[in-house]
Amino acid sequence: MKAVQIFEYGGPEVMQYREADVPQPKAGEALVRIKAVGVNFIDVYHRTGRYPGNLPFTPGMEGAGVVEAVGPEVTEVKPGDRVAYAMQPGSYGEYTIVPAAKLVPVPGNVDDQAAAAVMLQGLTAHYLSYSTYPVRNGDTVLVHAGAGGVGLLLTQMAKKLGAQVITTVSAEEKAELSRQAGADHVILYTQADFTAEVKKITQGKGVQAVYDSVGKTTFEGSLNCLRPRGYLVLFGASSGPVPPQDPMVLIKGSFFLTRPTLAHYALDRQELLSRAGDLFRWLEDGSLHLRIEHKYPLSDAAQAHRDLEARATTGKLLLLP
Ligand code: NDP
């Protein structure tokens with residue numbers, strides 16, 4: 001089979017598209033023939049070594065396809081099932097091994113590309129808005145990178161829950177997409193001081209929660225956007241990691257700071273199936289819109305990474321084996 005492999009950390013060029021052995025499933029595992037791979041920012045952290053692991057490895061944390069074979073003791077899926085998964089390494093290939101408990105059955109009227117596109121970013125938007133800071137009707141929340149993969153989905157979910165949603169984006173084309181996803185106010189944070197704009201929009205009150213995936217360049221401003229007892233949900237570092245902080249920074253509003261990750265919000269199969277079930281139902285009834293903007297052949301994974309890191313993308317990027 002063909003797969004992308006990384007032998008040393010570095011730029012997009014370290015991703016080699018080459019021949020590899022088809023892996024065999026062990027107990028509790030399934031072999032999945034990948035139809036579509038979701039690209040996520042975490043793939044960049046793995047490639048550069050910001051999240052170090054064992055070399056060599058095949059990157060990619062999300063995909064959809066068909067179960068080809070299962071190992072012993074697998075009860076969750078069988079060969080021929082259409083499945084999708086997230087947060088399991090190794091998806092940039094024609095085949096991959098996934099623990100069966102991480103596989104979610106895909107309904108008949110959700111296609112492979114949509115299934116691959118919705119899992120990681122959709123589950124993330126779901127836990128952020130329903131669990132980490134559960135959005136309440138009438139809240140005002142701020143979502144950074146509002147036209148990004150997570151941003152577009154999170155905006156839709158926060159609107160569904162009854163919030164007024166303010167987003168930030170870097171360019172006018174992205175602002176339009178963010179508005180289409182339901183944003184009530186969009187701030188071009190590369191041109192305006194987003195904290196001052198948020199204060200203006202909220203008549204000085206600030207927001208109940210900031211969902212911040214940008215990190216280094218936004219952290220301080222995000223804190224200054226909160227109303228007393230507000231939540232700073234720091235869930236990514238697209239601009240780089242936030243430097244160490246003194247907990248006293250929270251005292252100016254008795255703020256809450258959390259650094260959540262999907263692994264802790266899909267702790268068991270029931271939680272995973274429940275969140276994924278919501279996503280698939282919303283796709284089927286048309287209340288959640290996916291924006292699959294970029295599709296690349298798997299052999300062009302390096303270009304997908306270049307585009308993502310250059311802030312040149314909106315919505316979801318897929319690789320097609
Ligand atoms: P996006 O599609 O949001 O792409 C990243 C966006 O971040 C860019 O398009 C850009 O939007 C913005 N950005 C701001 N500053 C920079 C910068 N210096 N370099 C690059 N981008 C920048 O990616 P994803 O939706 O895949 O992921 C968003 C973030 O969420 C990532 O940080 C990711 O790691 C995190 N994440 C965390 C999860 C968790 O459970 N904790 C799970 C999933 C994702 P603009 O041009 O508008 O500024």
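**Figure 1. Helix α2 against helix α3.** Helices α2 and α3 pack with their axes 9 Å apart and at an angle of about 40 degrees. Here axes are lines fitted to C-alpha atoms, for helices over the stretch in contact, and angles run from 0 to 180 degrees between N-to-C directions. α2 and α3 are therefore oblique to each other; under 35 degrees counts as roughly parallel, over 145 as roughly antiparallel, 65 to 115 as roughly perpendicular and the rest as oblique. This is a predicted model, in which local features need pLDDT of at least 70 and side-chain atom pairs count only at pLDDT 80 or more, while totals for chains, interfaces and linings use all residues. Residues are numbered from 1 along each chain as its sequence is written, and side-chain values use heavy atoms, with hydrogens and water left out. Helices (H or I, at least four residues) and strands (E, at least two) are DSSP runs, numbered from the N terminus. The crossing of α2 past α3 is right-handed, a term for the near helix being turned clockwise from the far one by less than a right angle, with anticlockwise being left-handed. On the α2 side the contact (heavy atoms within 4.5 Å) is made by Q121, G122, T124, A125, H126, L128, S129 and Y130, and on the α3 side by G149, V150, L153, L154, M157 and K160. These contact residues divide into 7 nonpolar, 6 polar and 1 charged. Ala, Val, Leu, Ile, Met, Phe, Trp, Tyr, Cys and Pro count as nonpolar, Asp, Glu, Lys and Arg as charged, and the others, Gly among them, as polar.

**Figure 2. Helix α2 against helix α7.** Helix α2 (residues 112-132) packs with helix α7 (residues 269-285) at an angle of about 110 degrees, and their axes are 9 Å apart. α2 and α7 are therefore roughly perpendicular to each other. α2 passes α7 in a right-handed crossing. Among the residues in contact are M119, L123 and Y127 of α2, and L272, F280 and W282 of α7. By class, the contact has 12 nonpolar, 3 polar and 2 charged residues.

**Figure 3. The largest cavity.** The structure holds 1 cavity of 30 Å³ or more. On a 1 Å grid over the protein atoms alone, a cavity is a set of points where a 1.4 Å probe fits but cannot get out, a pocket is an open set with protein on both sides within 12 Å along at least five of seven lines, and lining residues have an atom within 4 Å of a point. The volume of the largest cavity is about 50 Å³; grid points are joined across faces, edges and corners, and a volume is the space filled by probe spheres set on the points. Its lining includes A117, Q121, L152, H289 and K316. α3 gives the most to this lining, with 4 residues.

**Figure 4. The largest pocket.** The largest pocket holds about 880 Å³ of space. Of its 43 lining residues, F41, Y45, V150, S213 and S238 lie nearest the centre. α2 provides the largest share of the lining, 4 residues. The lining has 21 nonpolar, 18 polar and 4 charged residues.

**Figure 5. Two backbone details.** Most residues other than glycine have a negative phi, and most peptide bonds are trans. L55 and P56 are joined by a cis peptide bond, with omega about -15 degrees. P56 is in the loop between α1 and β4 (62-70). A145, a residue other than glycine, has a positive phi, near 50 degrees. A145 is found in the loop between β8 (140-143) and α3.
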